[in-house]
Each structure stands twice: as structure tokens, then as C-alpha cells.
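Work through these exercises with the model open. Each task is followed by a stepwise solution.

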Amino acid sequence: MNTEQLTHIFIGPRAQKYMTAWANQSYRFCWAGLFFGLFWLLYRKMYMFAFYTLLISMAWVFVFYILGIPLIYAAVLNILISLVLSVFGDSFYRSFVNEKVKAFQANPKDGLEILRLSGGVTWSVPLTWLFLQLLAVVFVMLPIIQYTYFPQQQPDLIQYSYIE
């Protein structure tokens with residue numbers, strides 16, 4: 001099989017849209033990268049890109065925290081990550097697909113089914129990541145909610161008298 005057919009198998013049902021844009025060398029703005037960022041990377045199974053994105057984001061927060069810079073600036077820099085993904089997301093995905101297809105061509109013993117399963121999209125990983133984030137927020141916010149809305153009442157002081 002040639003590279004184009006393998007690329008079509010790897011990308012899945014929307015392969016023709018990507019392959020047409022790549023063949024025309026046209027620039028495509030990646031809206032999903034802008035609005036969903038890390039979740040889009042996970043959806044497209046670009047786990048290493050997602051890991052690096054998360055690592056950079058966490059490093060900024062950590063450095064800003066250590067330096068005493070308000071964390072709102074780290075959030076602004078995370079918007080920069082989304083902008084980078086929107087501008088370069090399509091080319092990141094293209095290099096990811098080309099790398100995977102070349103690796104398959106170098107070692108085709110795994111079969112086309114493995115190539116198809118390693119590509120395409122998945123909903124389970126981004127939804128799992130979203131669930132873990134929501135779970136973390138709940139665990140962080142639970143004590144705050146508990147002490148804000150349900151303040152603990154002071155127990156009545158019991159007075160003991162030792163006078164007999």
C-alpha cells in the first residue's frame with residue numbers, strides 16, 4: 001500500500017478533508033486547537049503533544065507561584081498555548097500522522113488493523129481527563145464549601161463544679 005492509502009487508514013473517516021488540504025498546501029486555522037487545546041490533542045490521540053502541553057502549562061504555574069507572580073498571568077500564558085495550537089495545530093497533526101505512517105511502513109508486521117486503531121479519534125481519553133479535572137476541583141473545593149456554607153458550630157461549654 002502507498003503512503004496516501006495508509007494515511008487514509010490512519011486518520012479515519014475524515015481523512016479526505018485533511019488530505020485535500022495537505023495536498024493543496026493550504027493553511028488551515030485549527031478552531032478545535034483554539035477552543036479545546038489539550039482536549040483536542042487527546043481526542044486526536046496526540047498524547048506526547050498533550051503531555052508536553054500539560055507540562056509547559058504546569059511549569060508556568062509552578063514558576064509563577066515560586067516567584068510570587070499572580071497566577072492570573074499563568075492563565076494568560078495558557079491562552080498563548082491555545083493560540084499556538086490554533087495556528088500550528090494542523091501542521092502538528094500532519095507531522096504526527098506522517099511519523100506514524102512512516103513507522104508503520106518501516107515495520108508493517110503489525111497489520112493494518114493496528115494502524116487503524118492507533119490513529120483516528122477517541123472520546124474516552126479526553127472525557128476521562130475532564131472527569132479527573134472535575135474530580136480534582138470537587139476535592140479542592142469541598143472543604144471551602146463545607147466551611148463557607150456549613151460552619152461548624154461551637155460546642156456548648158460544659159461547666160464542671162468541684163464544689164461539694
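**Exercise 1.** At what angle do helix H5 and helix H6 pack, and how far apart are their axes?

Some ground rules apply. This is a predicted model, where local features need pLDDT of at least 70, side-chain atom pairs count only at pLDDT 80 or more, and totals for chains, interfaces and linings use all residues. Residues are numbered from 1 along each chain as its sequence is written, and side-chain values use heavy atoms, leaving out hydrogens and water.

Step 1. H5 (residues 47–67) and H6 (residues 72–106) pack at about 165°, with axes 11 Å apart.
Step 2. H5 is therefore roughly antiparallel to H6 (angles over 145 degrees count as such).
Step 3. The crossing is right-handed.
Step 4. The contact (heavy atoms within 4.5 Å) includes Phe49, Trp60 and Phe64 of H5 and Leu77, Phe92 and Phe96 of H6.
Step 5. The residues of this contact divide into 11 nonpolar, 4 polar and no charged.

**Exercise 2.** Find how H1 and H2 cross.

Step 1. The axes of H1 (residues 3–11) and H2 (residues 15–23) come within 9 Å and cross at roughly 135°.
Step 2. H1 and H2 are therefore oblique to each other.
Step 3. H1 passes H2 in a right-handed crossing.
Step 4. Glu4, Thr7, His8 and Ile11 in H1 meet Ala15, Gln16, Tyr18, Met19 and Trp22 in H2.
Step 5. The contact residues of H1 with H2 comprise 5 nonpolar, 3 polar and 1 charged.

**Exercise 3.** Check the length of H8, then locate its bend.

Step 1. H8 (residues 124–149) has 26 residues, which should span 38 Å at 1.5 Å a residue.
Step 2. Its end C-alpha atoms are 35 Å apart, which agrees.
Step 3. H8 bends by about 40° at Met141.
Step 4. A proline, Pro143, follows within four residues.

Notes:
Axes are lines fitted to C-alpha atoms, for helices over the stretch in contact, and angles run from 0 to 180 degrees between N-to-C directions. Helices (H or I, at least four residues) and strands (E, at least two) are DSSP runs, numbered from the N terminus. Angles under 35 degrees count as roughly parallel, over 145 as roughly antiparallel, 65 to 115 as roughly perpendicular and the rest as oblique. A crossing is left-handed if the near helix is turned anticlockwise from the far one by less than a right angle, and right-handed if clockwise. Ala, Val, Leu, Ile, Met, Phe, Trp, Tyr, Cys and Pro count as nonpolar, Asp, Glu, Lys and Arg as charged, and the others, Gly among them, as polar. The expected span of a helix is 1.5 Å times one less than its number of residues. The bend at a residue is the angle between axes fitted to the seven residues ending there and the seven starting there.
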